[in-house]
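Keep the 3D view open as you read.

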Amino acid sequence: MFILELTYVAPLDRVDALLGEHVAWLDTHYAAGVFIASGRKEPRDGGVILAVGDDRAAMEELVATDPFALDGCATYRLTEFLATKVAPQLLPYQQQLPN
């Protein structure tokens, strides 16, 4: 599992101009089962996406396709973690520690 943290590096008017494209990009990856939660940070200086995946390199390639990243409006920080304890609604995403 990954926490994808976006940080805006451009003025909000530039971010807002790409928001529709960014949301369409999010929708594509929700439909594919990769993203399970997302939203703006408060204060509004970026966002956070909770993503499911096994391959860090593939996740790095995926975030590079975000319209915000392509336009240079945001940078990404990826944090990989093992979701070993989850709420009942997230049981399909629960992971086991390696031996």
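## A residue in the interior

V63 sits in helix α3, where helices (H or I, at least four residues) and strands (E, at least two) are DSSP runs numbered from the N terminus. Before going further, please note that this is a predicted model, in which local features need pLDDT of at least 70 and side-chain atom pairs count only at pLDDT 80 or more, while totals for chains, interfaces and linings use all residues. Residues are numbered from 1 along each chain as its sequence is written, and side-chain values use heavy atoms, with hydrogens and water left out.

Is V63 buried or exposed? With a relative accessibility of 5%, V63 is buried; buried means under 20% relative accessible area, exposed over 50%, and partly exposed in between (1.4 Å probe, protein chains only). Apart from neighbours within four places in sequence, V63 makes contact with L4, W25, A69, Y76 and L78, contact being heavy atoms within 4.5 Å. From V63 to I3 there are 60 residues in sequence, and the C-alpha to C-alpha distance is 11 Å.

Strand β3 holds L50, a residue that is partly exposed at 22% relative accessibility. Which residues does L50 touch, not counting those up to four places away in sequence? They are M1, F2, I3, V34, F35, I36, A37 and F81.

Together with I3 and F81, V48 makes a nonpolar surface patch of about 200 Å². Patches are made of residues with over 30% relative accessible area and no salt bridge, joining like charges within 9 Å and nonpolar side chains (Val, Leu, Ile, Met, Phe, Trp, Tyr) within 5 Å. The accessible areas come from the Shrake-Rupley method with a 1.4 Å probe, and for residues only the protein chains shown count as cover.

## Salt bridges

How many salt bridges are there? The count comes to six, taking a salt bridge as a side-chain nitrogen of Lys or Arg within 4 Å of a carboxyl oxygen of Asp or Glu. Three of these pairs are worth a look:

| Pair | Closest N to O distance |
|---|---|
| E5 and R77 | 3.5 Å |
| D71 and R14 | 3.2 Å |

E5 and R77 form a salt bridge that joins distant parts of the chain, with E5 in strand β1 (residues 2-8) and R77 in strand β4 (residues 74-80), 72 residues apart. E5 is partly exposed at 24% relative accessibility, whereas R77 is exposed at 53%. The two also belong to a network of salt bridges that links E5, K41, D45 and R77.

D71 pairs with R14 in a salt bridge between distant parts of the chain: D71 is in the loop between α4 (67-70) and β4, and R14 is in helix α1 (residues 12-17), 57 residues apart. D71 has a relative accessible area of 37% and is partly exposed; R14 is partly exposed at 37% relative accessibility.

D16 is partly exposed at 37% relative accessible area, and R44 is partly exposed at 21%.

## A cis peptide bond

Most residues other than glycine have a negative phi, and most peptide bonds are trans. Here, the bond from E42 to P43 is cis, with omega near 0°. P43 lies in the loop between β2 and β3 and is exposed, with a relative accessible area of 58%. P43 and T28 are 15 residues apart in sequence, with 26 Å between their C-alpha atoms.

## A patch of negative charge

Which residues gather in a patch of negative charge on the surface? They are D54, D55, E61 and E80. Lys and Arg count as positive and Asp and Glu as negative, while His and the chain ends are not counted; the place of a charge is NZ of Lys, CZ of Arg, CG of Asp or CD of Glu. E61 is in helix α3 (residues 56-63), and its relative accessible area of 58% makes E61 exposed.
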